[in-house]
Amino acid sequence: MGKCMKRCLFTENDLTFIEGLDMGEDMLVLVEIAYYSKTIFNEETVLYYQDISDKSSLSRSYSTEKTDMVLKILEIMECFFRGKMDFSVCIQRRKLDVYLRKLFDYCIVGDKYNFKLLKSKVNTLKEGKVRPLNKTPYSLLLLSNSYAINRMLAHVLLWGKSLAFYFRK
């Protein structure tokens with residue numbers, strides 16, 4: 001979905017796209033623009049067509065670099081809204097979703113050290129009663145603090161995804 005924005009919203013509020021963010025930079029600026037806008041409306045008329053068939057697109061693939069960018073964007077949003085509006089619960093829930101995906105990756109590659117570091121962040125969010133924004137199979141990794149159990153769960157999830165892909169063909 002395309003967006004039209006007044007240039008003065010950028011210039012009057014010193015808003016820019018952040019260098020180095022290859023994904024999600026438009027979402028970040030859109031949130032900031034929405035905050036400073038006096039009115040927002042939805043135009044139903046099709047103004048242009050966009051080709052979204054590129055399977056190699058950053059937004060259509062998963063990587064640890066992508067999750068790191070999402071976490072960076074969430075931290076920037078947290079800073080932007082600090083003292084303005086309280087979106088912390090929503091941001092914390094989204095962070096938990098990303099953390100769970102990273103925990104899964106650490107279990108699959110056998111990275112016990114980073115698993116333990118990230119699991120402590122997940123436990124801090126859990127203690128604050130933060131729940132995942134989306135229900136996904138990765139939520140199973142909330143059940144135990146044990147690396148061995150989480151590693152086993154991750155491999156079961158990976159096996160299930162492979163099986164589902166095989167039968168989809």
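Here are some notes on the helices, cores and aromatic contacts of this predicted model.

1. Let's start with the aromatics. The model has eight aromatic pairs. In one of them, the ring centres of tyrosine 35 and phenylalanine 80 lie 5.5 Å apart with their planes at 85 degrees, so this pair counts as edge-to-face, the cut-off being over 60 degrees.

2. Are the two partners buried or exposed? Phenylalanine 80 is buried, because its relative accessible area is 11% and the limit for buried is under 20%. Tyrosine 35 comes out at 31%, so it is partly exposed.

3. The neighbourhood of that pair is worth a look too. Tyr35, Tyr36, Phe80 and Phe81 make up one aromatic cluster. Phenylalanine 80 also has a charge over its ring: the charged end of lysine 84 sits there, 3.7 Å from the ring centre.

4. Now helix α2 itself. Its twelve residues should span 16 Å at 1.5 Å a residue, and the end C-alpha atoms are 17 Å apart, which agrees. Leu28, Val29, Glu32 and Ile33 are its buried residues. They cover an arc of only 135 degrees around the axis, so they sit on the same side of α2. In general, an α-helix has 3.6 residues a turn, so residues three or four places apart point the same way. The buried residues of α2 pack against α1 (7-12) and α3.

5. On to the nonpolar cores. The largest has 30 residues, and within it Leu96, Leu100 and Leu103 touch the most other members. Which helices each supply at least two residues of this core? They are α3, α4 (88-109), α5 (112-127) and α6 (147-168). The largest share, nine residues, comes from α4. There is also a second, separate core of five residues, including Leu9, Phe10, Val29 and Ile33.

6. If you skip neighbours within four places in sequence, leucine 100 is in contact with Pro132, Tyr138, Ser139, Leu141 and Leu142. Lysine 95 is found in helix α4, and at 9% relative accessibility this lysine counts as buried, since the limit is under 20%. Apart from residues up to four places away in sequence, lysine 95 touches Leu71, Leu74, Glu75 and Glu78.

7. Last, helix α5. This helix has 16 residues and reaches 22 Å from its first C-alpha to its last, close to the 22 Å expected at 1.5 Å a residue. Phe115, Leu118, Lys119, Val122, Asn123 and Leu125 are buried in α5. Why do we say they line one face? Seen down the axis of α5, the buried residues fall within an arc of 155 degrees, so they line one face of the helix. The face turned away from the buried side carries the exposed residues Tyr113, Lys116, Thr124 and Glu127. After α5 comes lysine 129, which has a positive phi, near 65 degrees.

Definitions and conventions: Residues numbered from 1 in each chain as written. Predicted model: local features only at pLDDT ≥ 70, side-chain atom pairs only at ≥ 80, totals over all residues. Heavy atoms only, no water. Phe/Tyr/Trp six-rings, centres within 6.5 Å; stacked < 30°, edge-to-face > 60°. Buried < 20%, exposed > 50% of the residue type's maximum accessible area, 1.4 Å probe, protein only. Lys NZ or Arg CZ within 6 Å of the ring centre and 35° of its normal. Core = buried A, V, L, I, M, F, W, Y, C linked by side-chain atoms within 4.5 Å. Helix = DSSP H or I, 4+ residues; strand = E, 2+ residues; numbered from the N terminus. Contact = heavy atoms within 4.5 Å. Expected span 1.5 Å × (residues − 1). Arc of directions from axis to C-beta.
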